[in-house]
Amino acid sequence: MSIKPISGPHVLAVRRIDEIMRMVILALLPATFWGVLIFGWPALLLTATTLASALVFEAICLKMRGVAAKPYLSDGSALLTGLLVALSLPPWAPWWIGVVGAAIAIVLGKQVYGGLGQNLFNPAMLARVALLISFPIEMTTWVEVKPLLIGPGLIDSVSITFGGNTADAVTGATTLGLVKTGFSLNQTLTDILNNYNGLLAFIGWERGSLGETSSILILLGGLWLMREGVIRWHIPVSLLATVTVLSLLFHWANPQHYLSPWVHLNSGALMLVAFFIATDYVTSPNTPLGQMVFGAGCGLLTFIIRSWGVYPESTGFAILLMNAVTPLIDHYIRPRIYGRYRNGKPLDISHP
Amino acid sequence: MLALFENPRLRGGIHAEEHKAETSAKPIATNLPLPKKLYIPVQQHVGKPAEPVVKVGDKVLKGQLLAHSQGTISAPVHAPSSGSILDVLDFPAPHPSALPIRTIVIGTDGLEQWRTLDIPSDPLQLEPEDICKRVGDAGVVGLGGAVFPSAVKLGLGRKNKIHTLLINAGECEPYLTCDDRLMQERAEEIVAGIRLMLRGMNAPQATIGIEDNKPVAYQAMLQACRPYANITVVQVPTRYPMGWDRQMLRYLTGWEIPADGRATDIGVVIHNVATAHAVYRAVCLGQPLISRVLTVSGGAVGKPQNVDVLIGTLMSHILKFCKVDMTKTARIIMGGPMMGDALPLADVPVVKACNGVLALTADDIELPDVKPCIRCSSCVTACPVGLLPLEMASRIKANQLDAAVDLGLKDCINCGSCSYVCPSNIPLVHYFKFASGELFKRQQMEHKSEQTKRLIDDRNQRMERIRLEAEAEAQRVAEARAARAAAAAQAKALTSIEEQA
């Protein structure tokens with residue numbers, strides 16, 4: 001029997017960090033498999049490369065920090081970051097994009113701040129934005145849907161991912177990219193979107209990032225996490241609602257220039273961001289109200305940059321900007337303490 | 001996710017594994033063998049310790065006064081059984097430190113001979129003041145764990161206009177079922193106690209709140225309260241810490257007690273259900289508080305059950321009675337597993353505050369590694385007070401105690417919900433208790449240095465006054481001398497003038 005003085009509680013809940021990370025990864029797997037299914041072996045090779053490099057960079061950093069690597073490597077946080085980076089990449093991107101992305105996410109996004117729980121910005125989004133700005137060509141080359149069994153075989157895929165041999169790849173733009181270029185050619189939305197199929201976009205049968213195309217699979221994963229209590233509804237709902245309401249208003253005012261909510265919700269990284277990126281514990285506010293402000297801010301910035309910015313896809317920028325605001329939100333929005341007003345003063349004494 | 005819109009009356013809280021089934025269906029054991037020795041600490045309540053009125057060698061009867069209360073907030077202690085006083089010494093207290101406190105030791109004679117009991121013919125016709133006096137004389141204190149002298153609370157209630165007496169039968173701690181069993185077996189006595197309390201405070205009505213995981217107790221209380229329209233029994237959801245009196249009040253009425261106030265400020269008095277039973281015994285039977293029901297449970301207990309125990313019985317005696325396997329016991333806890341104290345040894349006496357003794361195995365209390373905070377804000381969601389445990393802990397870690405106080409450290413009730421849910425197993429409550437201790441220490445130091453400064457100032461002023469007085473005196477002396485000299489000179493001059501004339 002230990003005689004070390006220890007305070008209660010003497011029993012603990014069972015859910016630990018590693019279980020949470022495992023559940024989030026599990027919730028992302030359907031979307032990951034879908035990405036591999038519709039973009040073929042190169043997508044799988046790229047994902048594997050990114051995951052492996054994320055683990056390697058994490059191990060190196062932990063070694064340099066002089067921390068025991070095993071408990072941190074096994075908690076799944078590096079794996080989850082790596083997976084989120086991989087899902088945001090163009091599926092046929094060369095291997096080094098994955099490696100550099102993992103390096104940015106793990107080293108610059110997480111470990112320089114002091115590791116798990118200390119970072120200000122979402123590591124995966126930091127990597128995504130850094131890659132997009134540094135390697136615009138590689139990061140915006142979107143391959144056509146090439147399902148696993150019809151597309152290139154494993155050997156060809158190795159040369160695509162590791163040899164940069166993408167000569168015979170048929171590429172095109174994402175929906176949001178089409179819209180941006182279309183507007184610069186003075187086209188109207190009806191012209192631009194004459195091939196757009198809302199249902200296929202919802203299912204995910206379209207060009208796009210490796211794991212971001214299928215709204216339905218991401219949505220299901222996110223809802224499962226909510227049901228399990230890993231994430232809460234405040235951020236996803238406020239984020240998606242803000243985008244929906246704004247796009248609805250503008251689309252209603254000018255349907256030839258502003259995309260409908262459906263296109264917004266099923267394009268780019270919005271679903272993934274709403275359920276898996278914006279809900280990142282470390283970089284989002286602590287209180288339900290703060291989380292709703294955060295979500296609404298992400299939605300607002302996403303809509304603004306998508307509608308009037310230079311980049312077709314904006315969720316990464318929106319997230320990073322709101323990450324920067326998170327400490328401020330947490331400073332100003334605090335829960336009301338029992339027996340006190342919101343400003344901290346004790347309640348007035350009154351006989352009810 | 002189902003709780004999309006949280007009930008504003010029910011903030012935070014957790015649902016831990018209950019472990020109540022082991023003991024809730026078994027009757028309270030009243031056959032605990034009388035121990036050879038009873039150890040009765042003179043401080044078992046909030047306030048000043050009681051002052052012993054017996055000396056070594058005295059013969060005492062069961063229920064006889066051992067130490068009388070000191071000051072307004074205090075409570076007496078009585079002999080739990082008949083016998084003789086063996087010693088008055090410092091004995092390890094049932095506290096994580098097990099530091100010794102003043103304790104009266106009785107060698108029992110096995111006769112269980114009561115002192116003459118003062119049993120009123122109709123207790124409910126007693127004057128309110130008389131009820132309070134009897135409750136105070138019987139040494140009744142809050143048995144929910146706070147051990148505040150009940151008579152003081154009743155007196156406060158009488159002075160402030162009380163509209164509701166709230167009886168807290170939440171018993172939200174896992175494992176504990178002593179209140180549950182008490183209500184199942186002695187509902188009518190409890191209701192009699194509640195009626196006495198109402199009369200003692202001139203309060204019109206009472207509400208009993210019972211967590212909905214005690215359906216049998218609820219039915220028993222409902223049955224017992226049927227004749228009395230002014231006592232209502234309400235089921236409340238099972239969510240720790242529902243038994244936090246302020247949470248119970250908020251849930252049942254929607255009112256909150258102001259942070260710097262008491263329940264009486266808003267016209268409410270809250271008593272524990274076991275206290276109501278003790279009041280019944282004190283007034284109707286004339287018996288002081290010399291025994292209580294406590295739960296003995298946990299993975300290492302062979303015969304988990306509720307036991308009616310004399311105050312002063314050593315816990316080791318009870319553990320043996322309940323067939324505890326000490327080799328499997330990893331931790332002994334007084335109270336529940338959420339807020340109870342880990343005891344370094346089992347040879348400490350049962351006191352009035354003790355509602356349970358748990359012998360937990362290593363499996364019950366697994367101790368995983370502490371990981372960094374990932375700001376998941378589970379603790380914020382779980383906090384029933386509305387605090388930010390993760391922020392407070394990070395301030396305390398950086399030794400910024402004032403910042404932690406600004407975040408509401410002093411409003412923390414140490415319920416442990418935050419530590420319980422933390423996926424990184426950060427001992428948040430430990431941080432808060434440490435900080436509170438540090439703040440107390442700092443306050444003591446400040447007080448001390450202020451006192452010192454005041455004494456120095458006083459001394460300086462006194463010295464200055466003495467100096468000034470001395471100067472004034474010297475001046476007066478000089479002036480007087482000068483005046484005398486002048487007078488002499490004048491007299492001399494006059495004389496010479498006269499001579500000349």
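How many residues of domain 1 of chain B are in contact with residues of domain 2 of chain B? The count is 5 residues of domain 1 with 5 residues of domain 2, where contact means that the C-beta atoms, placed from the backbone, lie within 7 Å. This is a predicted model, in which local features need pLDDT of at least 70, side-chain atom pairs count only at pLDDT 80 or more, and totals for chains, interfaces and linings use all residues. Residues are numbered from 1 along each chain as its sequence is written, while chains are lettered from A and ligands numbered from 1 in the order in which they are written.

**Domains of chain B**

- Domain 1 covers 118-286 and domain 2 covers 378-439; such bounds come from an automatic or database domain assignment.
- The C-alpha centres of domain 1 and domain 2 of chain B are 31 Å apart.
- The side of domain 1 of chain B that touches domain 2 of chain B has 4 nonpolar, 1 polar and no charged residues. Ala, Val, Leu, Ile, Met, Phe, Trp, Tyr, Cys and Pro count as nonpolar, Asp, Glu, Lys and Arg as charged, and the others, Gly among them, as polar.

**Interface of chains A and B**

- Chain A has 40 residues in contact with 58 residues of chain B.
- On the chain A side, the elements giving two or more residues are α1 (17-39) and α12 (215-227). Helices (H or I, at least four residues) and strands (E, at least two) are DSSP runs, numbered from the N terminus.
- By class, this side of chain A holds 23 nonpolar, 10 polar and 7 charged residues.

**Backbone geometry in chain B**

- Most residues other than glycine have a negative phi, and most peptide bonds are trans.
- The bond from B:Tyr240 to B:Pro241 is cis, with omega near -5°, and B:Pro241 sits in the loop between β10 (231-236) and α6 (245-253).
- B:Glu171 has a positive phi, near 40°, in the loop between β8 (164-169) and α4 (178-201).
- B:Glu171 counts as buried because it has 32 C-beta neighbours inside 10 Å; the cut-offs are 20 or more other C-beta atoms within 10 Å for buried, 12 or fewer for exposed, and partly exposed in between.
- B:Ser377, with phi near 65°, lies in the loop between β16 (356-361) and α9 (378-382) and is buried, with 24 other C-beta atoms within 10 Å.

**Surroundings of B:Ala67**

- B:Ala67 belongs to strand β4 (residues 65-68) of chain B and is buried, with 24 C-beta neighbours inside 10 Å.
- Leaving aside residues up to four places away in sequence, B:Ala67 touches several residues, including B:Val42, B:Pro52, B:Val77 and B:Ile104.

How values were computed:
Two residues are in contact if their C-beta atoms, placed from the backbone, lie within 7 Å.
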